Amino acid sequence: MIATMKNIVKRYGDTLALDHLNLNVVEGEILGLLGSNGAGKTTAIRTLCGLIDADSGEATVLGHKQSVRNLEARRDIGLVTQEITVFKDLNATENLQYFGGLYGLRGAELAANVKEMLEFVGLTDRAKKRPGTFSGGMQRRLNIACALVHKPKLVIMDEPTVGIDPQSRNHILESVKDIAKNGTTVIYTTHYMEEVQAICDRISIMDSGRVIAEGSLEELVGRIQHEQKVFMTAIAPSDVLTTDIKAISGVKHVEAIGNQYIITSATGSGNVSRIMEIAGRHGGVSSFTEEKPNLEAVFLTLTGKKLRDDGEV
Amino acid sequence: MRNFFLIFLSYVKRFFRDIKEVVLLLVIPIGLIVINSFFGDATLLEDYNIGASTNMPAFMLAFQFFNMGIMLYFLFNDFKGEMRWRLRAAPHSLLTFVLPAFVASWVFSLIIGVVIVLVSVIFLNAYLGNVLVLVVVLLIVSLMASFISMLIFLFAKNFKVANGLVYVISFGLMILSGFMFPLGNSDIAVFMNRFGTPLALGQRAIMYSGQINDLLGGGMEQSIINIGILAAITLVLGIVTIVAARRIKI
């Protein structure tokens with residue numbers, strides 16, 4: 001393990017931000033930390049980076065016990081903050097030189113890393129421009145570059161795509177995959193399901209300050225995939241069709257509204273083909289889709305909440 | 001040491017790239033000196049402009065305190081805004097960042113002061129007095145202003161409050177020193193005008209050190225006493241700042 005958090009508790013006044021949090025990070029993986037706003041993701045990664053001290057519990061990174069006093073432990077960590085934290089008064093190159101310099105890079109090595117980072121994030125032609133002239137996506141890319149310039153072993157990215165256009169987001173997601181290909185471990189926090197699904201090897205779902213589920217996407221989906229839904233548009237809907245479908249072993253529920261059928265079966269019942277056959281005997285179907293649970297469904301099932309702020313319990 | 005210079009140079013760059021602020025910090029005091037250069041009895045000081053000569057030290061020193069705003073802007077941005085997480089994630093203590101920021105602010109103020117002096121001397125025929133006295137007074141008062149900035153940073157809730165305090169302190173010092181309005185001839189007014197504030201102490205120290213002392217009744221001895229008082233105030237402020245910085249968690 002490159003990083004561990006054991007029974008971490010952190011309070012802010014009366015608010016319990018981290019509630020006996022346990023988290024393990026495998027070297028070389030992209031770990032997605034998924035949770036709605038207020039789940040404790042940012043507090044968790046700040047504790048892991050040694051930016052704040054936990055009230056109890058232990059966090060270790062690269063063999064070092066983390067605390068605000070342990071400065072050496074931060075040398076191999078790169079933090080991509082949720083807010084854009086680059087100096088608007090310095091140009092892109094100067095920002096990278098500054099942050100690279102803070103981590104001990106000098107001379108030719110610093111120059112080479114700066115050049116490499118500008119290419120990596122696609123800002124070579126903006127090297128001498130200040131971030132104030134950049135689009136939001138470009139600023140986010142520079143934000144990422146500043147965390148990577150010293151080539152850390154562990155990169156923690158706190159919602160790095162908030163508020164940017166889809167093109168920049170895709171560029172960032174591809175960059176994250178490239179970082180991991182080079183052997184860097186990535187912890188990626190987000191409340192965008194599709195990002196986690198696109199890039200993460202393993203996902204930890206956080207809610208109310210603790211990890212409530214973790215595993216690969218398939219493992220997490222499998223935890224709640226005890227039901228299977230089929231959506232069908234029958235050409236000749238009838239009560240007989242409904243009755244025949246209900247009679248299939250493993251079918252739990254049939255909802256028929258006009259010619260639209262929603263058929264719920266137990267997972268592994270193998271009913272899809274049987275339903276198709278029966279529908280075929282009753283005039284056939286004009287559309288047939290099978291719904292598989294996705295990460296959103298996993299999250300909703302486990303937490304009772306939607307992932308984004310506009311969702312409600 | 002390398003980190004000190006890295007951080008120090010980046011702050012100096014950032015201070016001077018705030019062009020609007022730099023222009024204001026130069027144009028306003030120089031403008032005030034220019035305006036005052038048209039007033040005053042020209043016979044009082046041979047070969048020099050009396051208005052520029054008496055007002056140059058006043059505004060040069062006064063704007064050391066107005067300079068505090070620019071230091072506070074960057075301190076709040078870097079250490080109380082979101083940037084603090086980025087900087088804290090680096091393998092350095094807060095002191096590693098704050099100390100060069102403090103020194104950069106001091107150097108920035110010094111440079112602004114020197115430019116005001118040079119413009120006044122070259123273009124407005126202001127009398128410098130003893131150059132060494134001027135340099136020492138400028139060094140001490142700019143250091144004093146930097147310590148006050150740091151104290152404001154430690155205690156103020158946000159930049160708006162901090163910047164407000166800068167204006168209160170700067171204008172307050174100017175008013176109490178008699179730089180904005182005549183204070184009158186009462187004993188208190190005379191005291192304030194000569195010794196009552198760091199601005200008054202500094203201005204008099206510079207003026208006493210040269211030809212103008214003949215008009216003011218001072219002398220090099222009085223200059224040195226004034227410098228000593230300024231240094232003592234600055235030392236106390238420095239100690240208070242260090243103690244406060246150790247106790248207050250940023």
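Me: What domains is chain A divided into?

Reply: Chain A has domain 1 (3-222) and domain 2 (226-291). Those bounds come from an automatic or database domain assignment. Their centres, taken over C-alpha atoms, are 46 Å apart. Before going on, note that this is a predicted model: local features need pLDDT of at least 70, side-chain atom pairs count only at pLDDT 80 or more, and totals for chains, interfaces and linings use all residues. Residues are numbered from 1 along each chain as its sequence is written, while chains are lettered from A and ligands numbered from 1 in the order in which they are written.

Me: How many helices and strands are there in chain A, and what makes a run count as one?

Reply: Chain A has 10 helices and 14 strands. Both are DSSP runs, numbered from the N terminus: helices are H or I with at least four residues, strands are E with at least two. Strand 5 (64-65) of chain A is one of the strands.

Me: What makes strand 1 and strand 2 of chain A a pair?

Reply: Two strands pair if DSSP finds at least two bridges between them. Eight bridges join strand 1 (residues 3-12) to strand 2 (residues 15-25) of chain A, so they pair, and they run antiparallel. A:Arg11 stands opposite A:Leu16 in strand 2 of chain A. The two strands form a hairpin with two residues between them. In the turn, A:Gly13 has a positive phi of about 65°.

Me: Why are strand 2 and strand 5 of chain A said to stand at the edges?

Reply: The open sheet has four strands in the order 2-1-4-5 (chain A), with antiparallel pairing. Strand 2 and strand 5 of chain A each have a single partner strand, so one side of each is left without a neighbour in the sheet. Helix 1 (residues 41-48) of chain A lies across strand 1, strand 2 and strand 4 (56-61) of chain A. Helix 1 runs at about 120° to strand 1 of chain A. Such angles run from 0 to 180 degrees between N-to-C directions, with axes as lines fitted to C-alpha atoms, for helices over the stretch in contact.

Me: Why is A:Phe120 called partly exposed?

Reply: Count the other C-beta atoms, placed from the backbone, within 10 Å of its own: 20 or more is buried, 12 or fewer is exposed, and in between is partly exposed. A:Phe120 has 18, so it falls in between. This residue lies in helix 3 (residues 107-120) of chain A. Beyond its neighbours within four places in sequence, A:Phe120 is in contact (C-beta atoms, placed from the backbone, within 7 Å) with A:Ala145 and A:Ser175.

Me: And is B:Phe155 buried or exposed, and why?

Reply: B:Phe155 has 12 other C-beta atoms within 10 Å, so it is exposed. B:Phe155 lies in helix 7 (residues 131-155) of chain B.

Me: What makes a set of residues a nonpolar core?

Reply: The members are buried Ala, Val, Leu, Ile, Met, Phe, Trp, Tyr and Cys residues joined through C-beta atoms within 7 Å. The largest such core has 72 residues. A:Leu48, A:Ala145, A:Val155, A:Ile156 and A:Tyr188 touch the most other members. Helix 4 (residues 136-148) of chain A gives the most, with seven residues.

Me: How many residues does each chain bring to the contact between chain A and chain B?

Reply: Chain A brings 18 residues and chain B brings 17 residues. Helix 2 of chain A gives the largest share of chain A's side, three residues.

Methods
Two residues are in contact if their C-beta atoms, placed from the backbone, lie within 7 Å.
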